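Here is a brief report on a structure. Look at the chains first, then read on.

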Amino acid sequence: MTDAVETKAVGPALSITGLRKTFGANEVLRGIDLSARDGDVISMIGASGSGKSTLLRCIPMLEIPDSGTVTVGEDSLSPKGGRLTRAEEATARRMRGHLGFVFQNFNLWTHRTVLQNVIEAPLFVQNRSRAEAVDEATALLEKVGLAEKRDAWPAHLSGGQQQRVAIARALAQRPRAILFDEPTSALDPELVGEVLKVIRSLAEEGRTLLIVTHEMGFARDVSSRVVLLHQGQIEEDGTPEQVFANPRSDRARAFLSGHFDRTR
Amino acid sequence: MDFTFLGDMFASLLKGLPLTLNFWVLSLLGGGTLALILNLMRTTRIGNAVAGAYVFVFRGTPLLIQIFMIYYGLAGFGFVRQSFLWPFLREPYWCGLLALILNDAAYTSEILRGGLRAVPKGAVEAGRVSGMTRFAILRRITLPLAFRQALPAYSNEVISMLKATALVSTITLMDMTGIARAAISETWRAVEILLCAAAIYLAISLLVTRFSAWFERRLSPWHFGRTTP
(Lines give C-alpha, C1' and ligand atoms only; values in the text may rest on other atoms or scores of the structure.)
Protein backbone atom coordinates (compact mmCIF):
# COMPACT_ATOMS: atom_id res chain seq x y z
CA MET A 1 0.00 0.00 0.00
CA THR A 2 1.35 3.36 -0.95
CA ASP A 3 -0.31 5.36 1.80
CA ALA A 4 1.95 3.75 4.41
CA VAL A 5 4.80 5.46 2.68
CA GLU A 6 3.03 8.77 2.13
CA THR A 7 2.45 9.39 5.81
CA LYS A 8 6.10 9.05 6.73
CA ALA A 9 7.52 12.27 7.99
CA VAL A 10 10.27 13.55 10.21
CA GLY A 11 10.14 12.76 13.90
CA PRO A 12 8.78 9.66 15.61
CA ALA A 13 5.34 8.35 14.69
CA LEU A 14 4.39 8.50 18.32
CA SER A 15 6.08 9.05 21.63
CA ILE A 16 5.21 8.82 25.27
CA THR A 17 7.09 10.50 28.10
CA GLY A 18 6.68 10.26 31.86
CA LEU A 19 3.29 8.59 31.62
CA ARG A 20 1.56 7.87 34.92
CA LYS A 21 -1.87 6.48 35.64
CA THR A 22 -3.59 5.33 38.81
CA PHE A 23 -6.94 3.63 39.25
CA GLY A 24 -7.98 4.46 42.80
CA ALA A 25 -5.11 3.40 45.03
CA ASN A 26 -3.63 1.21 42.31
CA GLU A 27 -0.72 2.80 40.46
CA VAL A 28 -0.92 1.08 37.09
CA LEU A 29 1.64 3.10 35.13
CA ARG A 30 4.63 4.51 36.97
CA GLY A 31 6.50 6.73 34.55
CA ILE A 32 6.63 5.23 31.07
CA ASP A 33 8.85 6.55 28.28
CA LEU A 34 8.46 4.99 24.89
CA SER A 35 8.70 6.14 21.32
CA ALA A 36 8.05 4.48 17.98
CA ARG A 37 9.54 5.49 14.66
CA ASP A 38 7.72 4.88 11.42
CA GLY A 39 8.01 1.23 10.49
CA ASP A 40 8.67 0.01 14.04
CA VAL A 41 6.82 -3.11 15.10
CA ILE A 42 6.81 -3.04 18.87
CA SER A 43 5.40 -5.88 20.94
CA MET A 44 4.48 -5.09 24.50
CA ILE A 45 4.50 -8.09 26.78
CA GLY A 46 4.18 -8.64 30.50
CA ALA A 47 2.10 -10.39 33.11
CA SER A 48 -1.58 -9.58 33.60
CA GLY A 49 -1.84 -6.33 35.52
CA SER A 50 1.57 -5.11 34.41
CA GLY A 51 -0.09 -2.11 32.78
CA LYS A 52 0.47 -2.90 29.10
CA SER A 53 -3.18 -2.57 28.03
CA THR A 54 -3.61 0.61 30.05
CA LEU A 55 -0.50 2.02 28.41
CA LEU A 56 -1.88 1.25 24.97
CA ARG A 57 -5.29 2.74 25.83
CA CYS A 58 -3.63 5.94 27.08
CA ILE A 59 -2.23 6.67 23.61
CA PRO A 60 -5.62 7.55 22.00
CA MET A 61 -6.81 8.84 25.39
CA LEU A 62 -9.31 6.06 25.96
CA GLU A 63 -7.80 6.27 29.42
CA ILE A 64 -6.69 9.73 30.44
CA PRO A 65 -3.26 9.63 32.06
CA ASP A 66 -2.72 11.45 35.36
CA SER A 67 0.49 13.01 34.05
CA GLY A 68 2.94 12.69 31.21
CA THR A 69 2.83 13.50 27.52
CA VAL A 70 1.57 11.59 24.50
CA THR A 71 2.62 12.76 21.04
CA VAL A 72 1.21 11.43 17.78
CA GLY A 73 2.73 13.02 14.70
CA GLU A 74 2.49 16.78 15.25
CA ASP A 75 -0.16 16.61 17.95
CA SER A 76 0.72 16.44 21.59
CA LEU A 77 -1.27 16.19 24.82
CA SER A 78 -0.28 16.49 28.48
CA PRO A 79 -3.59 16.15 30.31
CA LYS A 80 -3.77 17.14 33.94
CA GLY A 81 -6.03 15.74 36.60
CA GLY A 82 -7.24 12.74 34.62
CA ARG A 83 -9.53 14.66 32.28
CA LEU A 84 -9.48 16.53 29.00
CA THR A 85 -10.57 20.10 28.40
CA ARG A 86 -12.67 20.88 25.36
CA ALA A 87 -9.61 21.99 23.38
CA GLU A 88 -7.68 18.91 24.46
CA GLU A 89 -10.61 16.74 23.41
CA ALA A 90 -10.34 18.22 19.91
CA THR A 91 -6.61 17.49 19.83
CA ALA A 92 -7.30 13.95 21.05
CA ARG A 93 -9.75 13.45 18.19
CA ARG A 94 -7.10 14.55 15.71
CA MET A 95 -4.60 12.16 17.27
CA ARG A 96 -7.10 9.31 17.10
CA GLY A 97 -7.60 10.05 13.43
CA HIS A 98 -3.92 9.20 12.88
CA LEU A 99 -4.13 5.98 14.86
CA GLY A 100 -5.89 2.70 14.23
CA PHE A 101 -6.98 0.76 17.27
CA VAL A 102 -7.85 -2.93 17.32
CA PHE A 103 -9.61 -4.16 20.43
CA GLN A 104 -9.46 -7.52 22.16
CA ASN A 105 -13.22 -7.91 21.68
CA PHE A 106 -13.31 -6.55 18.09
CA ASN A 107 -16.03 -4.01 18.97
CA LEU A 108 -17.55 -3.95 15.52
CA TRP A 109 -20.77 -1.96 15.22
CA THR A 110 -23.36 -4.72 15.17
CA HIS A 111 -26.01 -2.62 13.43
CA ARG A 112 -23.83 -2.08 10.40
CA THR A 113 -22.64 -4.51 7.78
CA VAL A 114 -18.98 -5.38 7.33
CA LEU A 115 -18.57 -2.81 4.57
CA GLN A 116 -20.43 -0.13 6.53
CA ASN A 117 -18.13 -0.72 9.48
CA VAL A 118 -15.08 -0.17 7.31
CA ILE A 119 -16.31 2.97 5.50
CA GLU A 120 -17.76 4.66 8.60
CA ALA A 121 -14.71 6.72 9.60
CA PRO A 122 -13.58 7.54 6.04
CA LEU A 123 -17.07 8.82 5.23
CA PHE A 124 -18.23 10.48 8.41
CA VAL A 125 -15.00 11.55 10.08
CA GLN A 126 -12.62 12.13 7.19
CA ASN A 127 -15.32 13.28 4.76
CA ARG A 128 -14.03 11.31 1.82
CA SER A 129 -16.29 10.52 -1.09
CA ARG A 130 -18.40 7.38 -0.91
CA ALA A 131 -16.99 5.93 -4.11
CA GLU A 132 -13.43 6.33 -2.88
CA ALA A 133 -14.24 4.96 0.58
CA VAL A 134 -16.03 1.93 -0.85
CA ASP A 135 -13.23 1.18 -3.31
CA GLU A 136 -10.61 1.37 -0.61
CA ALA A 137 -12.73 -0.66 1.84
CA THR A 138 -13.25 -3.34 -0.80
CA ALA A 139 -9.51 -3.56 -1.35
CA LEU A 140 -8.87 -3.73 2.39
CA LEU A 141 -11.44 -6.48 2.88
CA GLU A 142 -9.76 -8.40 0.11
CA LYS A 143 -6.46 -7.91 1.84
CA VAL A 144 -7.77 -9.44 5.08
CA GLY A 145 -9.41 -12.23 3.08
CA LEU A 146 -13.04 -11.22 3.59
CA ALA A 147 -14.06 -9.70 0.27
CA GLU A 148 -17.03 -12.06 0.02
CA LYS A 149 -18.31 -11.00 3.46
CA ARG A 150 -18.70 -7.32 2.68
CA ASP A 151 -22.49 -7.36 3.01
CA ALA A 152 -22.62 -9.73 5.99
CA TRP A 153 -23.58 -8.70 9.51
CA PRO A 154 -20.90 -8.90 12.20
CA ALA A 155 -23.14 -11.25 14.20
CA HIS A 156 -22.81 -13.81 11.45
CA LEU A 157 -19.00 -13.88 11.45
CA SER A 158 -16.59 -15.95 13.52
CA GLY A 159 -14.37 -14.19 16.04
CA GLY A 160 -11.40 -14.43 13.72
CA GLN A 161 -13.37 -12.92 10.85
CA GLN A 162 -14.69 -10.13 13.06
CA GLN A 163 -11.18 -9.29 14.18
CA ARG A 164 -9.99 -9.17 10.57
CA VAL A 165 -12.83 -6.77 9.75
CA ALA A 166 -11.75 -4.68 12.74
CA ILE A 167 -8.24 -4.58 11.29
CA ALA A 168 -9.61 -3.47 7.91
CA ARG A 169 -11.64 -0.81 9.71
CA ALA A 170 -8.49 0.46 11.43
CA LEU A 171 -6.57 0.49 8.13
CA ALA A 172 -9.35 2.44 6.41
CA GLN A 173 -8.45 5.46 8.53
CA ARG A 174 -5.05 5.47 6.80
CA PRO A 175 -3.39 5.58 10.20
CA ARG A 176 0.23 6.40 10.82
CA ALA A 177 0.36 3.69 13.49
CA ILE A 178 -1.95 0.85 14.50
CA LEU A 179 -2.39 -0.21 18.10
CA PHE A 180 -3.44 -3.78 18.91
CA ASP A 181 -4.81 -4.56 22.35
CA GLU A 182 -4.42 -8.33 22.76
CA PRO A 183 -5.96 -8.95 19.34
CA THR A 184 -6.12 -12.74 19.66
CA SER A 185 -6.93 -13.19 23.35
CA ALA A 186 -10.68 -13.49 22.83
CA LEU A 187 -10.37 -16.00 20.00
CA ASP A 188 -10.76 -19.75 19.93
CA PRO A 189 -7.32 -21.32 19.48
CA GLU A 190 -7.99 -22.45 15.91
CA LEU A 191 -8.85 -18.87 14.85
CA VAL A 192 -5.72 -17.22 16.26
CA GLY A 193 -3.58 -18.07 13.24
CA GLU A 194 -5.69 -16.26 10.63
CA VAL A 195 -5.53 -13.01 12.61
CA LEU A 196 -1.82 -13.27 13.33
CA LYS A 197 -1.22 -13.87 9.64
CA VAL A 198 -2.90 -10.57 8.77
CA ILE A 199 -0.94 -8.68 11.41
CA ARG A 200 2.25 -10.27 10.17
CA SER A 201 1.53 -9.08 6.63
CA LEU A 202 1.09 -5.54 7.94
CA ALA A 203 4.46 -5.77 9.68
CA GLU A 204 6.05 -6.97 6.47
CA GLU A 205 4.59 -3.99 4.60
CA GLY A 206 6.54 -1.69 6.87
CA ARG A 207 3.59 -0.37 8.84
CA THR A 208 4.04 1.01 12.32
CA LEU A 209 2.49 -1.36 14.85
CA LEU A 210 2.22 -1.47 18.63
CA ILE A 211 0.98 -4.84 19.77
CA VAL A 212 0.05 -5.84 23.30
CA THR A 213 0.14 -9.61 23.21
CA HIS A 214 0.56 -12.86 25.09
CA GLU A 215 1.67 -14.66 21.92
CA MET A 216 5.38 -14.84 22.70
CA GLY A 217 6.36 -16.80 19.60
CA PHE A 218 4.57 -14.26 17.41
CA ALA A 219 6.16 -11.33 19.23
CA ARG A 220 9.58 -12.87 18.73
CA ASP A 221 9.02 -13.46 15.02
CA VAL A 222 7.44 -10.20 13.82
CA SER A 223 8.69 -7.49 16.17
CA SER A 224 11.53 -5.13 15.54
CA ARG A 225 11.41 -4.35 19.24
CA VAL A 226 10.01 -5.97 22.34
CA VAL A 227 9.07 -4.08 25.48
CA LEU A 228 8.44 -5.96 28.70
CA LEU A 229 6.37 -4.23 31.35
CA HIS A 230 6.43 -5.08 35.01
CA GLN A 231 4.29 -3.33 37.60
CA GLY A 232 3.80 -0.24 35.51
CA GLN A 233 7.38 0.23 34.44
CA ILE A 234 9.43 -0.83 31.47
CA GLU A 235 11.58 -3.72 32.60
CA GLU A 236 13.17 -4.67 29.28
CA ASP A 237 13.33 -2.84 25.95
CA GLY A 238 15.29 -4.21 23.02
CA THR A 239 15.33 -6.40 19.95
CA PRO A 240 13.52 -9.74 20.24
CA GLU A 241 16.91 -11.47 20.44
CA GLN A 242 18.02 -9.28 23.32
CA VAL A 243 14.81 -9.59 25.30
CA PHE A 244 13.99 -13.23 24.66
CA ALA A 245 17.48 -14.73 24.55
CA ASN A 246 19.36 -12.52 27.00
CA PRO A 247 16.98 -10.74 29.34
CA ARG A 248 18.90 -8.54 31.73
CA SER A 249 16.70 -8.84 34.78
CA ASP A 250 15.74 -11.89 36.81
CA ARG A 251 12.11 -10.86 36.67
CA ALA A 252 12.12 -10.84 32.88
CA ARG A 253 13.82 -14.23 32.84
CA ALA A 254 11.22 -15.66 35.21
CA PHE A 255 8.33 -14.26 33.18
CA LEU A 256 9.71 -15.47 29.87
CA SER A 257 10.67 -18.93 31.01
CA GLY A 258 7.19 -19.40 32.47
CA HIS A 259 5.68 -18.43 29.13
CA PHE A 260 7.85 -20.48 26.83
CA ASP A 261 7.50 -23.55 29.02
CA ARG A 262 3.77 -23.25 28.73
CA THR A 263 3.54 -22.67 25.01
CA ARG A 264 5.92 -25.42 24.02
CA MET B 1 -78.33 -7.46 17.12
CA ASP B 2 -79.28 -4.15 15.64
CA PHE B 3 -76.80 -3.87 12.78
CA THR B 4 -78.13 -0.57 11.56
CA PHE B 5 -77.47 0.93 14.96
CA LEU B 6 -73.96 -0.59 15.09
CA GLY B 7 -73.20 0.74 11.63
CA ASP B 8 -74.37 4.21 12.55
CA MET B 9 -72.40 4.05 15.75
CA PHE B 10 -69.19 3.10 13.94
CA ALA B 11 -69.69 6.00 11.57
CA SER B 12 -70.14 8.53 14.32
CA LEU B 13 -67.30 7.14 16.45
CA LEU B 14 -64.96 7.39 13.46
CA LYS B 15 -65.62 11.13 13.45
CA GLY B 16 -63.65 11.18 16.70
CA LEU B 17 -60.80 9.19 15.21
CA PRO B 18 -58.89 12.23 13.85
CA LEU B 19 -58.78 13.79 17.33
CA THR B 20 -57.71 10.49 18.90
CA LEU B 21 -54.96 10.08 16.30
CA ASN B 22 -53.97 13.71 16.74
CA PHE B 23 -53.46 13.29 20.50
CA TRP B 24 -51.76 9.97 20.01
CA VAL B 25 -49.20 11.02 17.39
CA LEU B 26 -48.42 14.42 18.91
CA SER B 27 -48.02 13.04 22.42
CA LEU B 28 -45.63 10.37 21.13
CA LEU B 29 -43.60 12.96 19.21
CA GLY B 30 -43.53 15.43 22.08
CA GLY B 31 -42.97 12.74 24.68
CA GLY B 32 -40.19 11.14 22.64
CA THR B 33 -38.37 14.45 22.23
CA LEU B 34 -38.69 15.24 25.92
CA ALA B 35 -37.53 11.72 26.77
CA LEU B 36 -34.36 12.23 24.72
CA ILE B 37 -33.73 15.53 26.51
CA LEU B 38 -34.29 13.88 29.90
CA ASN B 39 -31.70 11.25 29.01
CA LEU B 40 -29.18 13.83 27.87
CA MET B 41 -29.77 15.65 31.17
CA ARG B 42 -28.82 12.47 32.99
CA THR B 43 -25.18 12.91 31.99
CA THR B 44 -24.78 15.62 34.66
CA ARG B 45 -25.34 15.06 38.36
CA ILE B 46 -27.95 17.78 38.86
CA GLY B 47 -29.67 16.89 35.61
CA ASN B 48 -29.78 13.27 36.69
CA ALA B 49 -31.50 14.24 39.93
CA VAL B 50 -34.02 16.45 38.11
CA ALA B 51 -34.77 13.76 35.51
CA GLY B 52 -35.12 11.15 38.25
CA ALA B 53 -37.58 13.32 40.19
CA TYR B 54 -39.55 14.05 37.04
CA VAL B 55 -39.92 10.38 36.20
CA PHE B 56 -40.81 9.57 39.79
CA VAL B 57 -43.65 12.10 39.85
CA PHE B 58 -45.14 11.50 36.41
CA ARG B 59 -44.83 7.75 36.50
CA GLY B 60 -46.04 7.54 40.07
CA THR B 61 -49.31 9.47 39.74
CA PRO B 62 -52.41 8.65 37.67
CA LEU B 63 -52.62 10.24 34.25
CA LEU B 64 -56.22 11.21 35.01
CA ILE B 65 -55.06 13.28 37.98
CA GLN B 66 -52.35 14.89 35.84
CA ILE B 67 -54.97 15.87 33.26
CA PHE B 68 -57.25 17.33 35.93
CA MET B 69 -54.37 19.14 37.64
CA ILE B 70 -53.43 20.85 34.41
CA TYR B 71 -56.97 21.57 33.22
CA TYR B 72 -58.65 22.53 36.51
CA GLY B 73 -55.64 23.16 38.76
CA LEU B 74 -53.50 25.59 36.76
CA ALA B 75 -56.33 28.09 36.42
CA GLY B 76 -56.16 28.54 40.18
CA PHE B 77 -52.82 30.28 39.90
CA GLY B 78 -53.01 33.96 39.07
CA PHE B 79 -49.64 34.04 37.34
CA VAL B 80 -50.74 31.29 34.97
CA ARG B 81 -53.78 33.30 33.97
CA GLN B 82 -51.55 36.35 33.41
CA SER B 83 -48.95 34.50 31.38
CA PHE B 84 -48.70 34.35 27.60
CA LEU B 85 -49.47 30.65 27.85
CA TRP B 86 -52.98 31.21 29.18
CA PRO B 87 -54.63 31.28 25.74
CA PHE B 88 -53.33 27.73 25.40
CA LEU B 89 -53.75 26.50 28.94
CA ARG B 90 -57.41 27.46 29.14
CA GLU B 91 -58.15 25.22 26.15
CA PRO B 92 -58.94 21.61 27.04
CA TYR B 93 -57.14 20.47 23.88
CA TRP B 94 -53.78 21.93 24.90
CA CYS B 95 -54.20 20.82 28.52
CA GLY B 96 -54.92 17.26 27.43
CA LEU B 97 -52.03 17.22 25.00
CA LEU B 98 -49.63 18.66 27.58
CA ALA B 99 -50.61 16.03 30.15
CA LEU B 100 -50.20 13.23 27.62
CA ILE B 101 -46.79 14.51 26.50
CA LEU B 102 -45.50 14.91 30.04
CA ASN B 103 -46.74 11.47 31.01
CA ASP B 104 -45.42 9.75 27.89
CA ALA B 105 -42.02 11.40 28.36
CA ALA B 106 -41.63 9.84 31.79
CA TYR B 107 -42.24 6.31 30.53
CA THR B 108 -40.37 6.73 27.26
CA SER B 109 -37.34 8.19 29.00
CA GLU B 110 -37.08 5.06 31.15
CA ILE B 111 -37.44 2.82 28.10
CA LEU B 112 -34.75 4.80 26.32
CA ARG B 113 -32.53 4.73 29.41
CA GLY B 114 -32.71 0.95 29.43
CA GLY B 115 -31.78 0.90 25.76
CA LEU B 116 -28.87 3.28 26.30
CA ARG B 117 -27.52 1.18 29.17
CA ALA B 118 -27.56 -1.87 26.94
CA VAL B 119 -25.26 -0.24 24.34
CA PRO B 120 -21.91 -2.05 24.61
CA LYS B 121 -19.11 0.16 25.92
CA GLY B 122 -16.84 -1.25 23.22
CA ALA B 123 -19.04 0.07 20.42
CA VAL B 124 -18.69 3.58 21.83
CA GLU B 125 -14.94 3.19 22.29
CA ALA B 126 -14.64 2.05 18.69
CA GLY B 127 -16.35 5.31 17.72
CA ARG B 128 -14.00 7.34 19.87
CA VAL B 129 -10.86 5.78 18.41
CA SER B 130 -12.09 6.53 14.91
CA GLY B 131 -12.03 10.21 15.80
CA MET B 132 -15.79 10.75 16.01
CA THR B 133 -17.18 13.65 18.01
CA ARG B 134 -19.45 12.93 20.97
CA PHE B 135 -22.41 14.02 18.91
CA ALA B 136 -21.45 11.77 16.00
CA ILE B 137 -21.12 8.82 18.38
CA LEU B 138 -24.55 9.58 19.82
CA ARG B 139 -26.14 9.90 16.41
CA ARG B 140 -24.36 7.12 14.54
CA ILE B 141 -23.78 4.52 17.25
CA THR B 142 -25.39 5.01 20.64
CA LEU B 143 -28.91 6.02 19.65
CA PRO B 144 -29.32 3.53 16.79
CA LEU B 145 -28.22 0.68 19.07
CA ALA B 146 -30.30 1.93 22.00
CA PHE B 147 -33.36 2.35 19.82
CA ARG B 148 -33.12 -1.19 18.46
CA GLN B 149 -32.78 -2.49 22.00
CA ALA B 150 -35.73 -0.43 23.23
CA LEU B 151 -38.08 -1.09 20.33
CA PRO B 152 -40.11 -4.00 21.78
CA ALA B 153 -40.68 -2.12 25.04
CA TYR B 154 -41.43 1.07 23.16
CA SER B 155 -44.13 -0.56 21.04
CA ASN B 156 -45.91 -1.32 24.31
CA GLU B 157 -45.72 2.34 25.20
CA VAL B 158 -47.13 3.31 21.80
CA ILE B 159 -50.17 1.10 22.33
CA SER B 160 -50.47 2.27 25.89
CA MET B 161 -50.61 5.89 24.73
CA LEU B 162 -53.29 5.10 22.19
CA LYS B 163 -55.54 3.94 25.01
CA ALA B 164 -54.45 6.76 27.29
CA THR B 165 -55.86 9.33 24.85
CA ALA B 166 -59.32 8.11 25.89
CA LEU B 167 -58.87 9.99 29.17
CA VAL B 168 -59.08 13.37 27.45
CA SER B 169 -62.79 12.68 27.05
CA THR B 170 -63.08 13.62 30.74
CA ILE B 171 -62.23 17.24 29.99
CA THR B 172 -65.01 17.80 27.43
CA LEU B 173 -63.05 16.68 24.37
CA MET B 174 -64.87 14.69 21.71
CA ASP B 175 -62.37 12.03 20.79
CA MET B 176 -63.73 8.55 20.09
CA THR B 177 -64.34 7.84 23.76
CA GLY B 178 -65.88 11.29 24.20
CA ILE B 179 -68.33 10.58 21.40
CA ALA B 180 -69.06 7.14 22.85
CA ARG B 181 -69.84 8.62 26.26
CA ALA B 182 -72.16 11.20 24.76
CA ALA B 183 -73.94 8.54 22.74
CA ILE B 184 -74.42 6.37 25.82
CA SER B 185 -76.07 9.16 27.77
CA GLU B 186 -78.42 9.72 24.84
CA THR B 187 -79.33 6.13 24.02
CA TRP B 188 -78.42 4.07 27.10
CA ARG B 189 -77.09 1.34 24.82
CA ALA B 190 -73.76 1.19 26.58
CA VAL B 191 -72.62 -2.32 25.61
CA GLU B 192 -73.02 -1.91 21.86
CA ILE B 193 -71.45 1.52 21.83
CA LEU B 194 -68.47 0.55 23.98
CA LEU B 195 -67.91 -2.59 21.92
CA CYS B 196 -67.77 -0.49 18.79
CA ALA B 197 -65.26 1.89 20.35
CA ALA B 198 -63.15 -0.97 21.71
CA ALA B 199 -63.11 -2.62 18.29
CA ILE B 200 -61.64 0.49 16.71
CA TYR B 201 -58.94 0.79 19.37
CA LEU B 202 -58.22 -2.90 18.93
CA ALA B 203 -57.85 -2.54 15.17
CA ILE B 204 -55.32 0.27 15.57
CA SER B 205 -53.41 -1.74 18.18
CA LEU B 206 -53.21 -4.61 15.76
CA LEU B 207 -51.69 -2.33 13.15
CA VAL B 208 -49.13 -1.09 15.67
CA THR B 209 -48.16 -4.63 16.65
CA ARG B 210 -47.73 -5.65 13.03
CA PHE B 211 -45.80 -2.53 12.18
CA SER B 212 -43.42 -2.83 15.09
CA ALA B 213 -42.68 -6.47 14.26
CA TRP B 214 -41.94 -5.45 10.68
CA PHE B 215 -39.82 -2.51 11.82
CA GLU B 216 -37.83 -4.70 14.18
CA ARG B 217 -37.02 -7.13 11.39
CA ARG B 218 -36.04 -4.30 9.17
CA LEU B 219 -33.75 -2.64 11.72
CA SER B 220 -32.11 -5.80 13.05
CA PRO B 221 -32.23 -8.35 10.22
CA TRP B 222 -29.32 -10.32 11.72
CA HIS B 223 -31.57 -11.36 14.59
CA PHE B 224 -33.87 -13.06 12.14
CA GLY B 225 -31.36 -15.13 10.24
CA ARG B 226 -31.16 -12.78 7.28
CA THR B 227 -27.62 -12.62 6.07
CA THR B 228 -27.70 -9.42 4.04
CA PRO B 229 -29.41 -6.06 4.56
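Is A:Glu136 buried or exposed? A:Glu136 is buried, because its relative accessible area is 12%. Buried here means under 20% relative accessible area, exposed means over 50%, and partly exposed lies in between (1.4 Å probe, protein chains only).

This is a predicted model, in which local features need pLDDT of at least 70 and side-chain atom pairs count only at pLDDT 80 or more, while totals for chains, interfaces and linings use all residues. Residues are numbered from 1 along each chain as its sequence is written, chains are lettered from A and ligands numbered from 1 in the order in which they are written, and side-chain values use heavy atoms, with hydrogens and water left out.

## Salt bridges

Side chains of opposite charge can pair when their charged atoms come close. The cut-off for a salt bridge is a side-chain nitrogen of Lys or Arg within 4 Å of a carboxyl oxygen of Asp or Glu. Over all chains, the whole structure holds 28 salt bridges. Some of them are listed here.

| Pair | N to O distance |
|---|---|
| A:Asp40 and A:Arg225 | 4.0 Å |
| A:Arg225 and A:Asp237 | 2.9 Å |
| A:Arg174 and A:Glu136 | 2.7 Å |
| B:Glu125 and A:Arg57 | 2.5 Å |

Start with A:Arg174 and A:Glu136, whose side chains meet in a salt bridge. This pair links distant parts of the chain, 38 residues apart. A:Arg174 sits in the loop between α6 (159–172) and β7 of chain A, and A:Glu136 sits in helix α5 (residues 130–143) of chain A. Helices (H or I, at least four residues) and strands (E, at least two) are DSSP runs, numbered from the N terminus. A:Arg174 counts as partly exposed, because its relative accessibility is 33%.

Next comes A:Asp40 with A:Arg225, a salt bridge at 4.0 Å. This pair also links distant parts of the chain, 185 residues apart. A:Asp40 is in the loop between β2 (26–36) and β3 (41–46) of chain A, and A:Arg225 is in strand β9 of chain A. A:Asp40 counts as buried at 8% relative accessibility. A:Arg225 counts as buried at 17%.

A:Arg225 also forms a salt bridge with A:Asp237. A:Asp237 lies in strand β10 (residues 233–238) of chain A and A:Arg225 in β9, so the pair ties together parts that are 12 residues apart in sequence. A:Asp237 has 33% relative accessibility, so it counts as partly exposed. A network of salt bridges links A:Arg37, A:Asp40, A:Arg225 and A:Asp237.

## Strands of chain A

What encloses β3(A)? The rest of the structure largely does, because 6 of the 6 residues of β3(A) are buried. A:Val41, A:Ser43 and A:Ile45 point one way, while A:Ile42, A:Met44 and A:Gly46 point the other way. In a regular strand the side chains alternate between the two faces of the sheet.

Two strands pair if DSSP finds at least two bridges between them. β3(A) runs parallel to strand β8 (residues 208–212) of chain A, joined by 4 bridges. There, A:Ser43 has A:Ile211 as its bridge partner. β3(A) also runs parallel to β9(A), with 5 bridges. A:Gly46 stands opposite A:Leu229 in β9(A).

A:Leu229 belongs to strand β9 (residues 225–230) of chain A. A:Leu229 counts as buried, because its relative accessibility is 1%. Contact means heavy atoms within 4.5 Å. Leaving out residues up to four places away in sequence, A:Leu229 touches residues including A:Ile32, A:Ile45, A:Gly46 and A:Lys52. A:Leu229 and A:Ile32 are 197 residues apart in sequence, yet 9.5 Å apart in space, C-alpha to C-alpha.

Strand β6 (residues 99–102) of chain A is covered on both faces. A:Leu99 and A:Phe101 are buried on one side, A:Gly100 and A:Val102 on the other. β6(A) pairs in the parallel sense with strand β7 (residues 177–181) of chain A over 4 bridges. A:Val102 stands opposite A:Phe180 in β7(A).

## Where the chains meet

The contact takes 24 residues from chain B and 27 residues from chain A. Chain B and chain A bury about 2,300 Å² between them, 60% of it on carbon and sulfur atoms. Buried area is the accessible area (1.4 Å probe) that two parts lose on being put together, summed over both. In chain B, B:Val129, B:Arg140 and B:Trp222 lose the most area to chain A, together 31% of what that side buries.

The count between chain B and chain A is 2 salt bridges. One of the salt bridges in the structure joins B:Glu125 to A:Arg57.
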